[in-house]
Amino acid sequence: MTSNKKSDSFTSGFVTIAGKPNVGKSTFLNCVLGTKISITASKPQTTRDRILGIWGAPDAQIIFLDTPGLHASDKALNQYMIDKALSTMADADIVLVMAEPHDTAATLSTLTPYLDKSHNEKILVVNKTDLMPQGAVAPKLEELSAIYDFRYACGVSSLTGVGIEVLMDTLKAMLPEGPRYFPEDMITDLSVRFLSQELVREKVFELTRKEIPYASAVEIEEFREGDPTYIRAVIHVERPSQKGIVIGAGGSMLKTIGKEARLDIQRLTGTKVFLELFVRVTKDWTKKPKTLRDLGYK
Ligand SMILES: Nc1nc2c(ncn2[C@@H]2O[C@H](COP(=O)(O)OP(=O)(O)OP(=O)(O)O)[C@@H](O)[C@H]2O)c(=O)[nH]1
Ligand SMILES: [Mg+2]
């Protein structure tokens, strides 16, 4: 791609990562940043909010915005997630539309109405190319490119990093000259408190089954910085039966969630972490705008 920017110029801009649930948007962001700021899981609808990550080079700063997967649902929480994804797409200079190997033109074209809502450049990125046989990427890109007027299309693997550098060069060439929006050493605008809450939610997502991940929210009631960092968090569920499952036999499930979350939060804070977890029933919280707001989805 050609660029007529001056050699001493600084390039910057906002790139929103959008697509259906579970295609690897958050894994891609973590791969680009080389650090984990967005939680990931093998189940769909993991990300619920806009997650901002800042990529920097001496001559460029690209602000990536990870979004909840686009899907159809009337439930208040899901509507919140879809609205968040759409507003974050509208704010971007470039929307990176992420797909995965088993997408077809038919499955990907369900996104077209969403793409039509924002008037910015769109790039198609097929993620998880490590799962594709050699030679299958180019025909897949050609097939999926037909659904929209994409400015560029490429394949990447967020697991191995293949293709990421080429994509970053392309984004840099496409973005305009602009200021450094965030301080050079900043990687996200999210607080350690919020990231800790997300890490607990990630463990609930990975370790529980069926409807439990979708009925769970995490609220940090107390966060005291220091060494150790002290965190008291509540896992909200919708029904008493779900509370029993999250606690597990003899407290075993809650113990595992706590242990795994604590290790991740320790990596984040660089301190010892004392994590106290409780489970509370907040009836039908995913369906009511008021409880959604109370739990931070606003
Ligand atoms: N093999 C392979 N798996 C990947 C790759 N990228 C992501 N995954 C896996 O795909 C699953 C979903 O990844 P996420 O990053 O949570 O996907 P997402 O698009 O953010 O999902 P939502 O937040 O639910 O919309 C996880 O199990 C990841 O490990 C990749 O490049 N290759
Ligand atoms: Mg995600």
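This is a predicted model: local features need pLDDT of at least 70, side-chain atom pairs count only at pLDDT 80 or more; totals for chains, interfaces and linings use all residues.
1. Start at P228, which sits in the loop between β7 (217-224) and β8 (229-237).

2. Now step back to the whole protein. Its secondary structure comes to ten helices and nine strands. Along the principal axes, the C-alpha trace spans about 60 × 45 × 40 Å. The radius of gyration is 20 Å, which agrees with a compact globule, because a globule of 298 residues would have a value near 19 Å.

3. How much of the protein is buried? Buried residues make up 37% of the 298 residues.

4. T27 belongs to helix α1 (residues 25-33). Is T27 buried or exposed? T27 counts as buried, because 21 C-beta neighbours lie inside 10 Å and the cut-off is 20 or more. Leaving aside residues up to four places away in sequence, T27 touches T40 and S158. T27 and S158 are 131 residues apart in sequence, yet their C-alpha atoms are 6.1 Å apart in space.

5. T40 turns up again around ligand 1. The ligand is surrounded by 23 residues, and the closest are G24, S26, T40, T47 and G69. By class, this shell holds seven nonpolar, 13 polar and three charged residues.

6. Next, find helix α7 (residues 192-207) and helix α9 (residues 252-269), whose axes come within 9 Å and cross at roughly 140°. This crossing is right-handed. Residues making the contact include L195, L199 and V204 of α7, together with I257, A261 and L268 of α9. In total, the contact has eleven nonpolar, three polar and three charged residues.

7. N22 lies in the loop between β1 (11-19) and α1, while K210 lies in the loop between α7 and β7. What about their surroundings? N22 is partly exposed, because 19 other C-beta atoms lie within 10 Å. K210 counts as exposed, because it has 9 C-beta neighbours inside 10 Å.

Terms used:
Residues are numbered from 1 along each chain as its sequence is written. Chains are lettered from A and ligands numbered from 1 in the order in which they are written. Helices (H or I, at least four residues) and strands (E, at least two) are DSSP runs, numbered from the N terminus. A residue is buried if 20 or more other C-beta atoms lie within 10 Å of its own, exposed if 12 or fewer, and partly exposed in between; C-beta atoms are placed from the backbone. Two residues are in contact if their C-beta atoms, placed from the backbone, lie within 7 Å. The radius of gyration is taken over C-alpha atoms; the globule rule is 2.2 Å times the number of residues to the power 0.38. A residue is near a molecule or strand if its C-beta atom, placed from the backbone, lies within 6 Å of it. Ala, Val, Leu, Ile, Met, Phe, Trp, Tyr, Cys and Pro count as nonpolar, Asp, Glu, Lys and Arg as charged, and the others, Gly among them, as polar. Axes are lines fitted to C-alpha atoms, for helices over the stretch in contact, and angles run from 0 to 180 degrees between N-to-C directions. A crossing is left-handed if the near helix is turned anticlockwise from the far one by less than a right angle, and right-handed if clockwise.
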